[in-house]
Structure formats: structure tokens, C-alpha cells
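Let's take a friendly walk through this model together. Please keep the viewer open as you read.

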Amino acid sequence: MLLSDLLDAPVHDADGRALGFVVDVRLVLDGPLDGVLAAPRLHGLLVSPRTGSSFLGYERTDENSPALLARWLRHRHRGTFLVLWDDVLPPDETHTPPAPTITLRHDYRRWSPALPQH
Amino acid sequence: MKKIFAVALGVLTAIGGFVDIGDLVTNAVVGARFGMSLVWVVVVGVVGICLFAQMSGRVAAVSGRATFEIIRERLGPRVGGANLVASFLVTVLTLTAEIGGIALALELASSVERRLWIPFAGLAVWLVLWRVKFSVLENVAGLLGLTLVVFAVALFQLGPDWGELVDQAVHPRVVEGEGVPTYWYYAIALFGAAMTPYEVFFFSSGAREEKWTAKDIKQSRVNVVVGFPLGGLLSIAIAGCAAVVFLPRAIDVTSLSQITLPVAMAGGKLLLALVILGIVAATFGAALETALSTGYTLAQYFGWSWGKFHRPAQATRFHTAMLVAVLVGTLVLLTNVDPIAVTEYSVVFSAIALPLTYLPILVVANDREYMGEHVNGRTTNALGLVYLVIIVAASLAAIPLMIATGAGG
Amino acid sequence: MSPRLRRHERPFPPDEQLPDPPQPAGLVLDARLHLLDRQLDDVEGTPVMTIDDLELETDADGLTTVVHLLSGPVLATRIFGGRPPRDRWHRVAWRHVADVGTVVRLGIRGDGLDVLWVERWLRDHVIGRIPGGRHAPE
């Protein structure tokens, strides 16, 4: 699987209701040790009502300046949430390419998209 | 002592490096048609390029990331790629204009046809890129470009009515016989001439070439904040000369010999020789900067090895890109296009391409992952947002005005 | 206009406060924010490529991890859509990555990597053959 297969893919819940689009993929370096670093494990998906322009990352960090720009971009990406990969139904492999639709389990949970502070 | 020397050198090269064929042509054309009534745009442009160059230089010094790496990283492959295409084309267009400027100046000096000089100019530019060290290339071109100061000398010698010139500058109005859209079209051209994207690519990549660190921020700020405004004063002197000589006679400037005419009138052969030397140096220096910028933008977008601090064999795609760019510029000129016309388009397209280069730098200059404690202060950000609005407005207005006025008619 | 959900289609109130997710033990990276489109340098700081895409694999236990950094033709398909044949993916294995910051750094020299074949080809056939191409500028 390519990372870009996931990016911008539409996300639905188990009833087929549209929830938004994958704007980013959260990885955690706690997979099996692979070389110097641990392998990045696919931890979850960040889902936003909009695609595009999320790259500036304001909605996930506490960067606040320039204030007007930060506020506007954050406003555009209100409603962004994190779902864990465990809450995603296994992708339909016959479906790729093009980008698959991501379907979530019926009991999925939404989490804050903020990155943990180091 | 060594430090003072370094600061002086930096400031002087910033002055000499500020004026290129775009500033020369646009200021002379505007001076002849609108007098000093667009001087305010030069001021706005100079403050803008100070702000922009200073931010991009600081980002490069602190994080080690040059401008197009930031553009790719923040805007992604699609929007970043669109910006690459636009910036690359504008830079090649500017490079073409600079090589044309070298050939025109050599034609003035020698009365040998410019088309014979063009291949020679292109070859000379490439040879310097190939063999000369970055610091030598930067300093020599900047220092020789300083001889353009003769435009200021000439303006004094012409003995203009200073009150009248100042009045035109501080009470700007559209000269009789010129349309309001034309006035604004040239306002954007002047703005684009002062704020060309290549200057920022060159400045930020140059910071990497010279291995700047956070310690060098102060000096780079002095270079920019002192050097560029003095370069801006030179631009205004060029416009002033044209305003004194051509505006009252209602003559349009369409050739390089006209741009130098006021200097010849004021100071005879000696000043004329100096001004031609200055133009050759300034356009040659800018040709090097634009050619390097074509390599920098491509290499930084695609992640290739780049920089003059490598041997050519260690940055082969970078050197191939520059070779091709210089070749294309030279071939385009051999089709007999008018370098002055190429220049007039290149400055307007510069203004159009600017926003997508400016925005990512403004954002990253605030990102603590990159900048640590060296993020923008409040004043810089306030000014940064004002300029974001100006840059976007100029970019959006440029094409409609170009169509409405028939590119300045 | 890129795809988006219109305001009335949005399933959740926009200003809802969501709970913080369980804190994982390892370093957290958002792929697009921290890896994609960043510069990859080799151990000596020489640029190798820009990270154009990542390849993920799911092992027998169902664990999905990043195994390769990709460059080359995948960039064109990321921009224009579609997907290049697998044998045209230029891969750099994750196990060579030594550090992730504003650049991603490898723990090995880049010389022999597949992704640099154009660089090597130009060195052997064009740039290296022009006089002075192998010497430092003066």
C-alpha cells in the first residue's frame, strides 16, 4: 500500500454516512526495531471535512502566529479528528487503485487531532 | 577590522546586486512616462524585499532549509509543483533578459551588433557558473555593479528642478495623456522588478552556499536592511534621470541607449563608459543569480544535490539544469526577440508568481520546529501580513491590467 | 475546488471538544506533516531525494508499518493520479533512516542507491566529461 492511497480518501462510517477525508496519517515509532529506529507503525488517520490546505498543520500544533493566518486555517479545519487504525475496517484490496473508500467500524471513536507535546 | 570589512562588503554587494535589467528598464520607462509619480511603489517594493529576503535568509540560516525546499514541504507536490513551473519560467525569462542586457551593453560599448555578443555573453555566464567559487562570483558582480552610482551623479549634474521632482513623488497623480489602468500596470511592474522571486531563491540558497548559521543572522539583516534601500535609491535615480530628460519631451524609452542617454548628457564620455561598465556588471551578476536560481529551484523541489560548494560532478543534475537554462536563454535571444520587451514581461510575471513563494516562508518563519527561538517577532508578522495582502492583490490585478492596457501600451 | 463536505452535510458539531487520544509510547509523526515532501540526506549531508511517497506493509500479525521511502515516478502519479508499475518505484528502506527532523537523514552513504541513477548517469556521460567538471571551483 502507498501512503498516497490513503491521503485524500473519503471516510465513511459503517452506515455509509460521509465523515470527511483523510488529511494525514499518524505514525508512531514503536513498531519492531528496523535498523537504527523502530519501524513507524500506522497508528491512525486524521479526518477533516475538507481536503487540501491542511498541510500547514495549524490545526494540530499550538503554533499561533501570524495570528490571523493561524486562526483562519484552524477555522477551515474545524471538525478534524483522529481515528485509530484499529477502528478502520480492513481496506478492500480489490479496490486499489484508485484510492479506496475508508470505512470505519460501527463502534469507532473520535479523538482530538492535536499532536502530543514532546 | 575584519568584521567591519565583512559588513561593508555585504552591504556593498547588496546595493550592487539589487539593480538588475528589470530595475533598469522599468524605472527608466516609468520615469519617462510618469515622472516621479510612481516612486512610492519603489519604496513599497524595497521594504517588501527587505522583509522577504530577511525572513528567507533567517529560515535558511537557522534551519538550513532553502526556500524551495520549504515551498515543496509546505505546499505539497501539486501546488508546490505549479509554483515550480511558474517560478522556473519567470526565472528563465529573467535570465534571458539579463543575457540580452549584457549583449546590449556590449553593443553600446563596441558598436558590434548585439546578436554577435549574445553567444559570447551566454558562454561567459556558463563558464563562471562552472568554474568560479560562489563567494568570488557574488562579490565581484556586486562590487562592479556599484558603478551604477553614476546614475545618481548624473541626476545631480543634470541640475533638475528638485522641488518639481519631489512634488511629483509626494503628490502622485496620473500624468496627462496616460490612463489610470496603465499607471497601475506600471505600478505592478515596478513592484515586480523590486520583488523578483529569484532574488529570494538566490539569497536563501546563498545562505546555504556560505554555510550561514544563526550567528550570521545579524549580519545578513544589516546587509539587507542597509543595502537594499540604497539599491532602491539607485533605482529612483534611474527613474529621475529619465524623468528629467524624457518626460518634458514626451519621449518613450524603448532601448538601452536611451536609458544611458541622460548619463551621457550629464557627464560625457567618462560617465557613459562607467555606466556601461555598471550595466554589464549588474546584468552579468544578475544573469549568474538567475541561472543559479533555475538550478536551485529544480534541485530543491526534487531533492537533488545542489550548490556551488560541490564539484560539478557531485551535483550533476543541478549543473545540467543550469547549463540547459543558459542555453535556452541564449537561443531565445538569437531568435531576435527584443531583450527590453522580454524584461518588461518578466517583471510583471514576477509579481504574478510571488504569492505562492511568499506564503510558505511566512508560515515557516513562525514554526518553532524549524526556527526555535528565532521565529518572527510581532512587528515582522504584522508587516508580513500587510505584505501578504499587497502581494496577493498585485498578483491578481496583474493579468486583467495586462489585458486591459495591452501590456502597458 | 478540492472536495469537501458542505456545512449541512457535516455529521458533527464543529466546535466540539474531543478527548485526547491514549498516549503511545513511541515518537509520534504525522506522515504528511513530518515526512512527506521533506528532504532526504545521506550520512554526509548530501541530498539524496525528496520523499515523494511511503510504502506500507501489513505483516502476518496484522501490524501495518512503513517499510520504504519512495521517490521517482510516484511523484508524477501523486500529482496527476494513477499509479506507476511496482518495478518503477525507487525505494530506500526505512532501516537506513537514522534521524527524522526538518530533514530525514540516512545512516549510510547515498552513492550506491538506486534513486541516484540519473545523477550517476549524468556524471559519467555529461558533467564529468566536460573539462573541469571533477574539480572544485576556484
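## Cores and salt bridges

Leaving aside neighbours within four places in sequence, Leu292(B) is in contact with Leu129(B), Phe134(B), Leu137(B), Phe202(B), Lys308(B), Phe318(B) and Met322(B); contact here means heavy atoms within 4.5 Å. This is a predicted model, in which local features need pLDDT of at least 70 and side-chain atom pairs count only at pLDDT 80 or more, while totals for chains, interfaces and linings use all residues. Residues are numbered from 1 along each chain as its sequence is written, chains are lettered from A and ligands numbered from 1 in the order in which they are written, and side-chain values use heavy atoms, with hydrogens and water left out.

Leu292(B) is also among the residues with the most contacts inside the largest nonpolar core, alongside Leu38(B), Phe151(B) and Tyr358(B). That core has 149 residues, and its largest share, 19 residues, comes from helix H12 (residues 256-302) of chain B. A second, separate core of 45 residues includes Ala9(A), Val11(A), Val83(A) and Ile51(C). A nonpolar core is a set of buried Ala, Val, Leu, Ile, Met, Phe, Trp, Tyr and Cys residues joined through side-chain atoms within 4.5 Å. Buried means under 20% relative accessible area, exposed over 50%, and partly exposed in between (1.4 Å probe, protein chains only).

Chain A has 2 helices and 7 strands, in the order α-β-β-β-β-β-α-β-β. Helices (H or I, at least four residues) and strands (E, at least two) are DSSP runs, numbered from the N terminus. Of the 118 residues in chain A, 57% count as buried.

Now to the charged pairs. Over all chains there are 25 salt bridges, each a side-chain nitrogen of Lys or Arg within 4 Å of a carboxyl oxygen of Asp or Glu. Here are three of them:

| Pair | N to O distance |
|---|---|
| Asp30(A) and Arg41(A) | 2.7 Å |
| Arg72(B) and Asp37(C) | 2.6 Å |
| Asp37(C) and Arg78(C) | 3.1 Å |

Asp30(A) lies in the loop between strands S2 (18-28) and S3 (33-34) of chain A and Arg41(A) in strand S5 (residues 41-48), so the pair ties together parts 11 residues apart in sequence. Asp30(A) is partly exposed at 32% relative accessibility, whereas Arg41(A) is buried at 18%.

What is the relative accessible area of Arg72(B)? Arg72(B) is buried, at 0%, and Asp37(C) is buried at 3%. Both Asp37(C) and Arg78(C) are buried. Finally, Glu73(B), Arg74(B), Asp367(B), Glu369(B) and Arg38(C) are linked in a network of salt bridges.
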